[in-house]
Amino acid sequence: MIRAEALARVRFHQERGDRVVLVSASPTDWIVPWAVSEGITEVIGNPAEVSGGRITGRLAGVNCYGPEKVRRLLALNPERESYTLFAYGDGRGDRELLAAANHPYYRRFE
């Protein structure tokens, strides 16, 4: 479930030709198919842990939350001074990413 305003901002950036990266603490197992259906091919998130061919209900690795969102984004795009970062968030886990952005939008998708 996504806010209509948030999807409108995704479209805005896609139409401008911006690189759109979805950074989420949600399991990638279900956000990647949605993201791809919306034309977003870069997703940073949490894969689910699998053991014996079954999803355990735990995350595989470190949760992509708070400072981990920034760390992973910088691992993908290390030269931070070379690009303008727009970030959109709606929860506590987005604070650090919003603080790192040139244009942070918290619960305001305009």
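Let me begin with the largest pocket, which is lined by 38 residues, with V10, V21, L22, V23 and Y88 lying nearest its centre. A pocket here is an open set of points on a 1 Å grid over the protein atoms alone, where a 1.4 Å probe fits and protein lies on both sides within 12 Å along at least five of seven lines, and lining residues have an atom within 4 Å of a point.

This is a predicted model, in which local features need pLDDT of at least 70 and side-chain atom pairs count only at pLDDT 80 or more, while totals for chains, interfaces and linings use all residues. Residues are numbered from 1 along each chain as its sequence is written, and side-chain values use heavy atoms, with hydrogens and water left out.

Among the elements that each supply at least two lining residues are α1 (4-16), β1 (21-27) and β5, and β1 gives the most, with six residues; helices are DSSP runs of H or I with at least four residues, and strands are runs of E with at least two, numbered from the N terminus.

Strand β5 (residues 86-89) pairs in the parallel sense with strand β6 (residues 103-106) over four bridges, where pairing requires that DSSP finds at least two bridges between the strands. Within this pair, F86 stands opposite H103 in β6.

Turning to helix α2 (residues 28-37), this is where T28 lies. Is T28 buried or exposed? T28 is buried because its relative accessible area is 15%, and buried means under 20%, with a 1.4 Å probe and protein chains only. Leaving aside residues up to four places away in sequence, T28 touches P33, V43, G45, N46 and P47, a contact being heavy atoms within 4.5 Å.

Terms used: Buried < 20%, exposed > 50% of the residue type's maximum accessible area, 1.4 Å probe, protein only.
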